Every structure is written in structure tokens, then in C-alpha cells.
Amino acid sequence: MSNKKNYPGKSGLTEKQDDLLALLLEDEGIDTGGQKQFLIEPDPAGRYLPFPLTDMQQAYLIGRDPRFDLGNVSSHAYFECNTAGLDPERYQLAWRRLIERHDMLRTLVYTDGYQQTLRDVPPFELKVLDLRDKTPEETEEALLAVREEMYHQILPSNRWPLFDVRFSLIDEDRVRLHFSIDGLTSDVLGLPIMMRDLRMFYEEPQLTLAPLEISFRDCVLALKKLEQTEDYRKAEAYWGERVPFLPPAPELPLTKNLSAITQPRFRRLQATLEAD
């Protein structure tokens, strides 16, 4: 029995993408003769110059500050998976090529509200934990220790790298891959792109990809230009008048005062409700 569904073909979507983009950007951008355009201009000459943080990055940076309630925490993603036959040296080489390709993997974030891409970084070294001579109990204990360390990482934002990759060798074939990356460096849309490129570099070590023409810095600077437009000023004035009259956050019952929590730990809970 087939579970396939009929979706529009890729070619059909490609034909309409310009129209879709125009609709999405209809009320954004720079006014040029009555037409709205959102312009991102490549700036290769300024590639390694400081540039501002986005609003989201500023929020993440503030969240690291222990002086705020539920601060002292980084917004990062942690993954681990068991795999077989993964070559550590080849995987390390793939990471080095990925770092060279994607500027944000070489970018540091500073408390003055700016970030900067490094022209050069040291060769990335994959951390390898060899557990092949351990008992099953010792192996499980060591794997849990790595998880506990990386699950709550707060990597210094002004020191490279803002990600952590480790190999735990379980036996002659099985490997547990540990990966942590800070939200200051990538988001839920950027990470899959990086992981796609990483896989291609691993599977084809000699692969050559076309250089990226647009950088994250180019995008941020283009967004900053929007702040000089009349549309932006109107929106800012509107929300400036609305904010004082918005309702406060809900007062949820708490087991303790939030200011008493000095090392926040987050975990996911789930439950199922019956239909009734």
C-alpha cells in the first residue's frame, strides 16, 4: 500500500517562487519609484568587519547573563546518535571544509552588541573518547557523563569555536556522535543546510561547491537598512503606542522564586490527553 501523496512538482513551485517572494516582501524593503524591493548587496570587501547582532541574537546573549531570572543559560542545540562505520579522520576533514565554507562557524559574538567573522581559525580537532576496552557499565557511565556536560554547555561567545563535536568509540564498529551548537551561530533553518554540506563533504572528500555569494553579514546589514525606511518608522511608532496597553504575562504557579534558580536546567515533558 502506498503512502505517497500528490504534491506540486518542484518545477511548478520554481515557476511561482518569484511571485511568492514578491507577496512575502510586498510591505518590506526600500521604496524605489513606488515599488517595494528588499535588496541584499554582497559586501566581500567587508566580510571580516564587525556587524550588528540581530534582535534574536541579542536576546540569546542577554539570556547568558546570570543577573537575569533564569539567566546563566545558552540557547543551544544538542544532538547525539549512534552510528556505525563512521571514520573519525574523514569526518574531521569534512568539518574543516564546512567551517571554511560557512562564515558563521567562524564568527564570534561580543557583549558590545557586535559580531565578527574570523578570517582564519586553527584546524578543527575532533574530540575522540575511546571506550572500546571498557565494560558495558563503564561505557554507559562515560556516555552519560558526556551527555550531561554537553547538554548544558555555555560556550564562551567571544572564543572560537561556538560548537562542540565529539566521537565516543563504543566498539570496533559502533560510534556515538555528540554535537552541540550555540543558537548565536545558527538557527533551525541554517543548521540543516550546514548538515547537508557536511554530509556531502564526508561522502565526497574531493567535492568542490560553488562559493556562497551572500553572507549572513550581508543579510543583517540589509535588514538594518530597513530601519531607515518610512514603513519601519510607522511600525515602530504603532507598536510603541500599543505596548503600554498590552496585557502582562500570565502569573503561573511556581514551586520557587525564579531568582532563586542560579543554574537553570530545561527538560521536555509530554503527556497525552484523552479525547473527552
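Q: What makes the second largest pocket a pocket, and how much space lies in it?
A: On a 1 Å grid over the protein atoms alone, a pocket is an open set of points with protein on both sides within 12 Å along at least five of seven lines, and a volume is the space filled by probe spheres set on the points, which are joined across faces, edges and corners. On these terms, about 500 Å³ of space lies in the second largest pocket. This is a predicted model, in which local features need pLDDT of at least 70 and side-chain atom pairs count only at pLDDT 80 or more, while totals for chains, interfaces and linings use all residues. Residues are numbered from 1 along each chain as its sequence is written, and side-chain values use heavy atoms, with hydrogens and water left out.

Q: How do you know which strand gives the most to the lining of the second largest pocket?
A: Lining residues have an atom within 4 Å of a point, and strands are DSSP runs of E with at least two residues, numbered from the N terminus. Strand β4 (residues 76-84) gives four residues, the most of any.

Q: Why is the largest cavity called a cavity, and which residues line it?
A: A cavity is a set of points where a 1.4 Å probe fits but cannot get out. The largest one holds about 30 Å³ of space, and its lining consists of Ser74, His76, Gln153, Ile154, Leu155, Leu162, Ser180, Ile181 and Asp182. Strand β9 (residues 174-182) contributes the most to this lining, with three residues.

Q: Why is β9 described as largely enclosed by the rest of the structure?
A: Buried means under 20% relative accessible area, computed with a 1.4 Å probe on protein chains only. Eight of the nine residues of β9 are buried, and the strand is therefore largely enclosed by the rest of the structure.

Q: What makes β4 and β9 a pair, and how many bridges join them?
A: Two strands pair if DSSP finds at least two bridges between them. Nine bridges join β4 to β9, which run antiparallel, and β4 and β9 therefore pair under this rule. Ala77 has Ile181 of β9 as its bridge partner.

Q: How do you know that β8 and β9 pair, and in which sense?
A: Strand β8 (residues 163-169) and β9 share seven bridges in the antiparallel sense, and Asp164 has Ser180 of β9 as its bridge partner. The two strands β8 and β9 form a hairpin with four residues between them.

Technical notes:
Buried means under 20% relative accessible area, exposed over 50%, partly exposed in between (1.4 Å probe, protein chains only).
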